[in-house]
Amino acid sequence: MVKELTYDNFKSETADGVCVLDFWASWCGPCRMMSPVIDGLAEKRPDIKFFKVNVDEEDRLAAAFRVESIPMIVVMRDGKVAGGTVGYMPEETLVRELGI
């Protein structure tokens, strides 16, 4: 399951475990292409917490991560950024790039 992540719930939701954050916007074509990839991974990997961050609605959180291009996917481990990618990529590439 993919949850919405906000500036207010960010710390409590990402404090422990492995988390994948998908920074996106509704007007972004590559973001819309990336969405089913993230949804599919979330179904296959219940051991990982998956979140979507709408950059238009959560500008403070996007600014905190210095999002300049979307889609931007970030992996966190126990509250710390452990890696990330920018742009659309197929599931196999994303898994390899994020190390998940």
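Lys44 forms a salt bridge with Glu91, and their closest N and O atoms lie 2.8 Å apart. A salt bridge here is a side-chain nitrogen of Lys or Arg within 4 Å of a carboxyl oxygen of Asp or Glu. The pair links distant parts of the chain: Lys44 is in helix H2, Glu91 is in helix H4 (residues 91-98), and 47 residues separate them. Helices (H or I, at least four residues) and strands (E, at least two) are DSSP runs, numbered from the N terminus. Lys44 counts as exposed, at 55% relative accessibility. Exposed means over 50% relative accessible area, buried under 20%, and partly exposed in between (1.4 Å probe, protein chains only).

The structure is a predicted model, in which local features need pLDDT of at least 70, side-chain atom pairs count only at pLDDT 80 or more, and totals for chains, interfaces and linings use all residues. Residues are numbered from 1 along each chain as its sequence is written, and side-chain values use heavy atoms, with hydrogens and water left out.

The protein chain has 4 helices and 5 strands. From the N terminus on, its elements run β-α-β-α-β-α-β-β-α. The radius of gyration is 12 Å, close to the 13 Å that the globule rule gives for 100 residues, so the chain is as compact as a globular protein of that length. That radius is taken over C-alpha atoms, and the globule rule is 2.2 Å times the number of residues to the power 0.38. Along its principal axes, the C-alpha trace spans about 30 × 30 × 20 Å. Of the 100 residues, 42% count as buried.

The salt-bridge count comes to 7. One of these joins the side chains of Lys3 and Glu13, at 3.5 Å from N to O. This pair also links distant parts of the chain: Lys3 is in strand E1 and Glu13 in helix H1 (residues 10-14), 10 residues apart. Lys3 is partly exposed, with a relative accessible area of 35%.

Another salt bridge brings together the side chains of Lys52 and Asp39, at 4.0 Å from N to O. Lys52 belongs to strand E3 (residues 49-54) and Asp39 to helix H2 (residues 29-44), so distant parts of the chain, 13 residues apart, are linked by the pair. Lys52 counts as buried, at 11% relative accessibility. Asp39 counts as partly exposed, at 32%. Salt bridges that share partners join Asp22, Asp39 and Lys52 into one network.

Glu4, Asp56, Glu57 and Asp59 form a negative surface patch. Patches are made of residues with over 30% relative accessible area and no salt bridge; like charges are joined within 9 Å, and nonpolar side chains (Val, Leu, Ile, Met, Phe, Trp, Tyr) within 5 Å. Lys and Arg count as positive and Asp and Glu as negative, while His and the chain ends are not counted. Each charge is placed at NZ of Lys, CZ of Arg, CG of Asp or CD of Glu. Glu4 lies in strand E1 (residues 2-4). Glu4 is partly exposed, with a relative accessible area of 47%.

Glu58 is in the loop between E3 and helix H3 (59-64). Glu58 is buried, with a relative accessible area of 17%. The C-alpha atoms of Glu58 and Pro90 are 26 Å apart in space, and the two residues are 32 apart in sequence. Leu21, in strand E2 (residues 18-24), is buried, with a relative accessible area of 0%. The C-alpha atoms of Leu21 and Asp59 are separated by 14 Å, with the residues 38 apart along the chain.

Backbone geometry was also examined. A cis peptide bond joins Ile70 and Pro71, with omega about 0°. Pro71 is in the loop between H3 and strand E4 (72-77). Arg66 is in the loop between H3 and E4. Phi of Arg66 is near 55°, a positive value in a residue other than glycine. Arg66 is exposed, with a relative accessible area of 70%. Asp78 is found in the loop between E4 and strand E5 (80-86). Phi of Asp78 is near 50°, also a positive value in a residue other than glycine. Asp78 counts as exposed, at 52% relative accessibility.

Key:
Areas by Shrake-Rupley, 256 points an atom, 1.4 Å probe, with all protein chains shown as cover.
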